[in-house]
Amino acid sequence: MDTANIRPSLKNGHIDLPIPEGINIREEIAKMKKEKNAVILAHYYTPGSVQQIADFTGDSLGLAQQAAKTDADIILFAGVHFMAETAKILSPNKKVIIPDLATACSLADSITEQQLLAFKEKYPGYTVISYVNTTAEVKALTDIVCTSSNAVKIVSQLAPDEKIIFGPDKNLGSYIKKITGRENFVVWNGGCHVHDNFSYEKLLELKKSHPTAEVLAHPECPPQIVDVADFVGATSALLKRSVQSSATEFIVATEPGIFYEMQKQSPNKIFIPLPNKNPRMALNECFNMKRNTLEKIYLTLKYEFPEVDVPEHLAKKAAKCIARMMEMS
């Protein structure tokens, strides 16, 4: 039976159907992937079981760029919604599907199209640099998009007196402003619920109990945590550092999904997650990333649904700021 044109009902964002008894989900996913000429992308923050069956794992923009290079007809993006949007912008002729439409991003949701329009009116003549963790609508109003790995490089290439709006992450903005020494640099007050809630006090306690551990921190973390870190970088940079460093213990201030790949590449090293400010939360996880499961991937690939689409006029506008970033990178 051809399931590509079937649109099953969704419950809380994902397909509401039982998995057939007795099947091997991993084998079925591999079979359908080959039959449908599909590629599976998994962000580093998804569960390890999802990363295991992915064709590519990585950061959001890097994954979207990787998918655009393939000859796949279908892109299944296990991540959050804005990432699938970015993949569609870069691969407009490919079908982009996502295991769960409810995989929102607190950072992307911290600024809307209307809010950015109003902010731009308040600061006329400012160049808008938006973090890639934004919706297609926000990207369409952006002059240059950036990632956490190239943000400083992008900003540093602009004229010293250029007026800049940066958003939506206030912590990344604060980090960029400090590194570049920019004066006319206005930062939107948004944040990631994971990185923004790491405990500084618990970090100091962990440093005392693990004196030889190297502290790795994402620049989305609050300034006091970034200041204490031995190494600051994007998720992929933290992974690379964990492999190349001579340290054998690491206190890691980013979403613990990256531990799967860190442990895979450095099985003899110890990785310690930095806890949440909330004492009732053992780990500081992104619950939206954890909504990606093998069962949902199986159903999404089978029915090629739910699909993520970006209107052509919006995609063309959003693609311009990504192209500008690529030129500057």
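Predicted model: local features only at pLDDT ≥ 70, side-chain atom pairs only at ≥ 80, totals over all residues.

Me: How are the rings of F259 and F271 arranged, and why?
Reply: Planes under 30 degrees apart count as stacked, over 60 as edge-to-face and the rest as tilted. The ring centres of F259 and F271 are 6.2 Å apart and the planes stand at 50 degrees, so the pair is tilted.

Me: How many residues apart in sequence are the parts that this pair ties together?
Reply: F259 belongs to helix α12 (residues 259-265). F271 belongs to strand β14 (residues 270-273), so the parts tied together are separated in sequence by twelve residues.

Me: What is the relative accessibility of F271, and is that residue buried or exposed?
Reply: The cut-off for buried is under 20% relative accessible area. F271 has a value of 9%, so F271 counts as buried.

Me: Which residues form one aromatic cluster?
Reply: The structure contains six aromatic pairs. One cluster of aromatic residues is made up of F119, Y123, Y126 and W188.

Me: How many helices and strands does the protein have, and what is its radius of gyration?
Reply: There are 14 helices and 14 strands. For 329 residues the globule rule gives 20 Å, and the protein is close to that, so it is as compact as a globular protein of that length. Its radius of gyration is 20 Å.

Conventions
Residues numbered from 1 in each chain as written. Heavy atoms only, no water. Phe/Tyr/Trp six-rings, centres within 6.5 Å; stacked < 30°, edge-to-face > 60°. Helix = DSSP H or I, 4+ residues; strand = E, 2+ residues; numbered from the N terminus. Buried < 20%, exposed > 50% of the residue type's maximum accessible area, 1.4 Å probe, protein only. Rg over C-alpha atoms; globule rule 2.2 N^0.38 Å.
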